[in-house]
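Dear colleague,

I am handing over the structure below, and after it you will find notes on what turned up when I went through it. Please read them with the model open beside you.

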Amino acid sequence: MNLIETFRVSLEAILSNKVRSGLTMLGVIIGVMAVILLVSIGEGARVYITKELTGLGTNLLIITPGKTSTSGGFHPPSAGTVRKLTYDDAQALRRRAWLLTDAVPVVLGTGRIKNSNLGRDTMIIGTTPEFQRVRNLYVDTGSYVSEADVDAKSKIVVIGTKVKEELFGDRNPLGQVVMLSDARYRVVGVMRKKGTSLGWDIDDVVFIPVTSGQELFDTDGLFEILASTPRAEDVDRAIAQIKDILIRRHAHKEDFTIQTQGAMLSTMNTILGVLTAVLGGIAGISLLVGGIGIMNIMLVSVRERTREIGIRKAMGARNRDIMAQFMIEAMTLSGAGGVIGIVVGVGLALIIPVFVDVLPTSVSAWSIIMAFTFSAAVGIFFGVYPARKAALQDPIQALRYE
Amino acid sequence: MISLSEITKTYRMGEVDITVLSGVSLSIQQGELIAIMGPSGSGKSTLMNIIGCLDRPSSGVYRFEEREISTLTDDELAAVRNRKIGFVFQTFNLLPRFTAIKNVEVPLIYSGIAGKERHERAVPLLEKVGLGERMHHKPTELSGGQQQRVAIARALINNPPLLLADEPTGNLDSRSGEEILNILTGLNRQGVTVVIVTHDPNVAARCRRTIQIKDGQIVSDIHDAKG
């Protein structure tokens, strides 16, 4: 009995009880759909983060105080007896690390920004004009922190769009005075709307000169120094230059960490890759359960068709013909379930980001191929036992079966 | 064509061996019309199963068309059943979800014949048994006699030399039974060897040779002198 013939026989059996076949397939459908959906979500996160990191423009180097053995995580605020990074360190890098286009000092804190009676807790970033270039975040109306502002420790502030809307609504905020952690600051600019970048909601942030910031937070240490170099090939040499200059300034101690965009990217990739695999694995378990469902129903089906098996054998069917018939039946059930599950899963993966924008998804061809292969394998694996039972039926016993 | 020599069949039930056939020997020539009779438990069905290659003897030699059946593999036995033997059962044993013509085609599926040719070979056979108009009916839509006729057409589809019928009229009323018997004897006149297991003496009377079997042994084997 050739393959097409076998397939026809199996198809007839499946279609003869559509409700039962449909319910049997449901397990596989749900399993495959879950695999596709969850893997798409994981991949979506990875693609998003990758885009964010590579969208930072030139090769970004992040210098933070304290030595961490892993490079590539988002660093916690500096702690304890670690020597600080200072504004002068940043200046030294600016002057002497000639591979760097910028070396931007950054201080970070939180505070309350108030406009008469409207107030908001906000993140305060103290920095220099080059921050815009290095982080690809630009002012929209008015002007950004200037060199003069930094030198004079001016009390000026550039606000994000959310802060502007909360405090000023539709009115023009430029020139207005606000209270920033109980100090009077003048608004000189509003940032371009950006959303989240590297974990910070830029629209909910305010920028002040780094020197004013150091005064505001009463610290002479920096949160980080952001450096950039235009060519990817120069990154390693740039790191060497930075280390050279800073180690000498820090009494020959390497008590700082330099993170590269590349390293951050690869860490993110790994973390999210593991996450995606775990999600896929969990979904895979439901696929397994679907396979058990198929085996269950196939066993029932084989028993119900005992007489039929006997008749076919009397007519000349060999063991392997019967085996093939039931194997193909199981594989068709799981294969069809796989296809439907893929269609539903891909459909959901494409629709969900439209309604829930914190869940980007990315459907990849390999996840579809993998999911389908899995469902076919499930059909084979869980079909073998019932198919064998059918094939080994003694025809005489089978013919007597009621 | 067929020769059975000292055939025994023993089953093990728990700790006890049950001997269903003990030392049965007989030969069947091409073209015979034979009735096998015996009470319940006499072993006649077992004998039929062994002749039909559905079962293997525990000992003894069974030669079918010069081949020794006991040396054949399961697959080879299946091939013999497919090409050389046609079965007709008391309970018809048609596949319930398939139409008459699809039922008749079943043996051809296992002979590797393609769909179109199967159809072309099945149609004349159904017409021959008088069911040309009902070939697309399912078994539930056919009477007992009609179902048995489908079964006969199915048994003949591969032109087997041997037709085995196990109580073919057992589930039929006397008129249908008569029709079926006529078909079987008609086939025999065309050269098919027909062996019928029956408990009905009227059926045996229509056959030229009657073998009586009791307690697993042949007790009489009478060739009818009349033509």
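The largest nonpolar core has 115 residues, and those with the most contacts inside it are Ile36(A), Ile36(B) and Leu126(B). Here a nonpolar core means a set of buried Ala, Val, Leu, Ile, Met, Phe, Trp, Tyr and Cys residues joined through C-beta atoms within 7 Å, and a residue is buried if 20 or more other C-beta atoms lie within 10 Å of its own, exposed if 12 or fewer, and partly exposed in between, with C-beta atoms placed from the backbone. Helix α2 of chain A (residues 18–54) contributes the largest share of this core, 14 residues; helices (H or I, at least four residues) and strands (E, at least two) are DSSP runs, numbered from the N terminus. Apart from this core lies another, of 52 residues, which includes Leu60(A), Val104(A), Ile159(A) and Val163(A).

Two points on provenance belong here. This is a predicted model, in which local features need pLDDT of at least 70 and side-chain atom pairs count only at pLDDT 80 or more, while totals for chains, interfaces and linings use all residues. Residues are numbered from 1 along each chain as its sequence is written, and chains are lettered from A and ligands numbered from 1 in the order in which they are written.

Leaving aside residues up to four places away in sequence, Ile36(A) touches Gly341(A), Ile342(A), Gly345(A), Val346(A), Ala349(A), Ser367(A), Ile368(A) and Ala371(A), where contact means C-beta atoms, placed from the backbone, within 7 Å.

Chain B has seven helices and 10 strands. Its radius of gyration is 18 Å, close to the 17 Å that the globule rule gives for 227 residues, so chain B is as compact as a globular protein of that length; the radius is taken over C-alpha atoms, and the rule is 2.2 Å times the number of residues to the power 0.38. Of the 227 residues of chain B, 46% count as buried.

Within chain B, Gln147(B) sits in helix α5 (residues 144–156) and is buried, with 24 other C-beta atoms within 10 Å.

The contact between the chains takes 19 residues from chain A and 18 residues from chain B. On the side of chain A that touches chain B, α10(A) gives the most, with five residues.

With best regards

Methods. Contact = placed C-beta atoms within 7 Å.
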